[in-house]
Amino acid sequence: MKLAQMIGTIMGVGYIRPAPGTWGSLVALPWAWLLHVIGGLPLLVLAIVVGFFKGWWATAKMTTGQDDHDPSEIVVDEVIGQWIALLPLSYAAWSMEISILAMWPGWIAAFALFRLFDITKLGPVGWADRMNTPLGVMLDDVIAGLFAALGVLVLAALYHGVL
């Protein structure tokens, strides 16, 4: 397996059927936990930035000369988007020095909301997807992750009676 393929498919996770994007999002969860435990919010943010650029590169390599700009086996974008959706939980756990697992309902919400926005391609998510470029492949999941993170914040505020 070539390096671009290893990165793009997250070591072959993208070949799992059905729903490779969902599998990519699922594999992102334990990795996010591990990154948070090792280095807190700063390490998760660094992993998102580095992963975004590696994913962009891998997507470009894997789609060169192909008609399909976003083949289903490329799931690195789902990993990055899912990590972004988990940022509010990482921030809260890191700043309050509590276990990130204590906010387990937030994990479920982040996963469900990210998948919802990624699958439905609403608004700017769809705009990025329609770019039909490797950057668009990555950006649609970044935007879906941002929407999911905002959703997690809104749900947390509702739960705690802030809204």
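**Helix H5 and its surroundings**

Modeller: Helix H5 (residues 104-120) has 17 residues and spans 24 Å from its first C-alpha to its last, close to the 24 Å expected at 1.5 Å a residue. This is a predicted model, where local features need pLDDT of at least 70, side-chain atom pairs count only at pLDDT 80 or more, and totals for chains, interfaces and linings use all residues. Residues are numbered from 1 along each chain as its sequence is written, and side-chain values use heavy atoms, without hydrogens and water.

Biologist: What makes 24 Å the expected span of H5?

Modeller: The expected span is 1.5 Å times one less than the number of residues. H5 has 17 residues, which gives the expected 24 Å.

Biologist: Which helices cover the buried residues of H5?

Modeller: Among them are H2, H3 (76-85) and H7 (134-159). The buried residues include Trp107, Phe111 and Arg115. Just after H5, Lys121 takes a positive phi of about 55°.

Biologist: Why is Thr9 called buried?

Modeller: Buried means under 20% relative accessible area, exposed over 50%, partly exposed in between (1.4 Å probe, protein chains only). Thr9 has 0%, so Thr9 is buried. Thr9 lies in the loop between H1 (3-8) and H2.

Biologist: What does the side chain of Thr9 reach?

Modeller: The backbone oxygen of Gln5, at 2.6 Å.

Biologist: Why is Ile38 called exposed?

Modeller: The relative accessible area of Ile38 is 61%, so Ile38 is exposed. Ile38 sits in H2 (residues 20-63).

Note on methods
Helices (H or I, at least four residues) and strands (E, at least two) are DSSP runs, numbered from the N terminus. A polar contact is a pair of N or O atoms within 3.5 Å; within protein, one must be able to donate a hydrogen and the other to accept it, and residues adjacent in sequence count only if both atoms are side-chain atoms. Contact means heavy atoms within 4.5 Å.
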